[in-house]
Amino acid sequence: MCAVGNLLDYLAWRGDLSLKQVPFGTVDTLVLSALAYVHFDSIIPGRLRSPIPLGQAAKQYLSLPAVQQGRFRCENDLKLLRVLADAPRFASMGLACQTDRFVPKEETQFAALAVLVGDGSACLVFRGTDGTLVGWKEDFNLSFLDLVPAQLEAAAYVQECAEQFSGPLHLAGHSKGGNLAIAGASLSPMKARDRIKSVYSFDGPGFTSYLLARPGYQELRTRIRSFVPKSSVVGLLLTHEEPHTVVDSDQRGLFQHDLYSWQVLGGDFVRLEEVSAGSRLIDRTLKDWLSGLTNAQRETVADTLYELLSSGDASTVREALEPQNLAAALRAVKDVDGKDLLTLTTSLTRLAGAALRSL
């Protein structure tokens with residue numbers, strides 16, 4: 001019997017089991033969702049005709065000098081690649097249809113790849129927010145736009161892959177990637193939707209009423225599998241109509257958003273009855289706050305914060321919090337339109353009030 005562990009432990013326990021021995025499952029889908037964060041770039045072909053084995057792609061990426069590997073999200077992503085490179089269960093899976101669009105002017109951060117699982121199906125995995133200010137800004141845009149560019153990109157991607165691959169489809173993603181998986185499935189043509197067997201969202205934020213009312217979303221609701229950690233914040237944002245499963249984590253608070261903290265036992269997650277009281281408190285606070293803001297106010301808050309945080313040399317959220325960039329943001333306050341600054345400060349005051357009401 002396996003002990004409780006994380007995603008890397010799961011690969012140590014079951015990475016040598018073939019799909020014939022143990023069929024492709026939910027935890028396998030989370031593994032592939034983590035893979036979507038790797039910037040494979042030209043290593044993976046853009047079409048399904050000539051997929052590259054996952055093991056080969058991982059070794060090729062790991063053999064690159066660090067400067068050519070580019071920015072990676074966290075050290076665990078590299079550990080994941082090292083394990084997958086030699087894991088019989090995953091190494092022979094084919095990778096194809098790599099796409100990566102980062103367009104600051106459009107406030108768009110979108111990336112996805114297709115995995116030919118080996119059981120006749122393909123899993124389309126979407127990258128979550130990558131830590132850039134642009135990716136963060138697009139997340140905020142989800143609160144006031146009917147659709148953001150990345151969601152439309154996801155729908156086009158699903159349609160393109162469906163035209164190239166004739167078998168069953170699964171869609172998955174972590175964080176914003178989970179939102180894109182659901183949106184891409186919901187907005188895709190009926191011919192493509194009919195082939196989608198399941199959609200997995202791992203702590204992905206919700207949607208506006210516009211997407212929830214779409215026929216595609218309503219049609220797919222019973223095929224959506226939503227998972228959140230016990231202290232989820234991101235995965236409860238905005239509105240969901242699909243039920244969610246709560247997963248145990250070995251981290252606390254916001255750090256539970258890290259998919260490597262999710263607890264696994266055998267071939268499944270360690271499941272809990274409900275999210276924590278703290279998670280429910282934050283959820284009430286944020287929903288109370290957002291309900292008191294018009295879409296125009298939400299847009300002003302997001303635009304003003306983005307303008308301030310990007311006023312220095314920062315391109316990522318982590319860089320924006322460095323002292324010199326915070327100082328640049330403070331200096332930039334004097335150049336912000338007075339009405340916009342008032343909306344921002346008033347909204348943040350309302351957020352504090354919503355927190356007190358929730359308490």
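Axes here are lines fitted to C-alpha atoms, for helices over the stretch in contact, and the angles between their N-to-C directions run from 0 to 180 degrees. With that in hand, welcome to this structure, which is a predicted model.

Let us start with helix 1 (residues 7–14) and helix 2, whose axes come within 11 Å and cross at roughly 120 degrees. The crossing in which helix 1 passes helix 2 is left-handed.

Which residues in helix 1 meet helix 2? On the side of helix 1 they are Leu7, Tyr10 and Leu11, and their partners in helix 2 are Val27, Asp28, Leu30, Val31 and Ala34.

Helix 2 (residues 26–35) is mostly covered, with 10 of its 10 residues buried. Among these buried residues are Val27, Asp28, Leu30, Val31 and Ala34, the ones that meet helix 1. Thr26, Thr29, Leu32, Ser33 and Leu35 are also on the list of buried residues of helix 2.

**Rings that pair**

Now to the aromatic side chains. A pair of aromatic rings is described by the distance of the centres and the angle of the planes.

| Pair | Centre to centre | Angle between planes | Arrangement |
|---|---|---|---|
| Phe110 and Phe126 | 6.1 Å | 50 degrees | tilted |
| Phe202 and Trp262 | 6.1 Å | 70 degrees | edge-to-face |

What does the pair of Phe110 and Phe126 tie together? Phe110 lies in strand 3 (residues 108–116) and Phe126 in strand 4 (residues 122–126), so the pair links parts that are 16 residues apart in sequence. Both Phe110 and Phe126 are buried.

Phe202 belongs to strand 6 (residues 196–202), while Trp262 sits in the loop between strand 8 (244–247) and strand 9 (264–265), so this pair ties together parts that are 60 residues apart in sequence. Are Phe202 and Trp262 buried or exposed? Buried means under 20% relative accessible area. Phe202 counts as buried because its relative accessibility is 0%, and Trp262 is buried with a relative accessible area of 0%.

Phe202 and Trp262 also belong to a cluster: ring pairs link them with Tyr200, Phe227 and Phe269.

Notes
Residues numbered from 1 in each chain as written. Predicted model: local features only at pLDDT ≥ 70, side-chain atom pairs only at ≥ 80, totals over all residues. Heavy atoms only, no water. Phe/Tyr/Trp six-rings, centres within 6.5 Å; stacked < 30°, edge-to-face > 60°. Helix = DSSP H or I, 4+ residues; strand = E, 2+ residues; numbered from the N terminus. Buried < 20%, exposed > 50% of the residue type's maximum accessible area, 1.4 Å probe, protein only. Left-handed = near helix turned anticlockwise from the far one by under 90°. Contact = heavy atoms within 4.5 Å.
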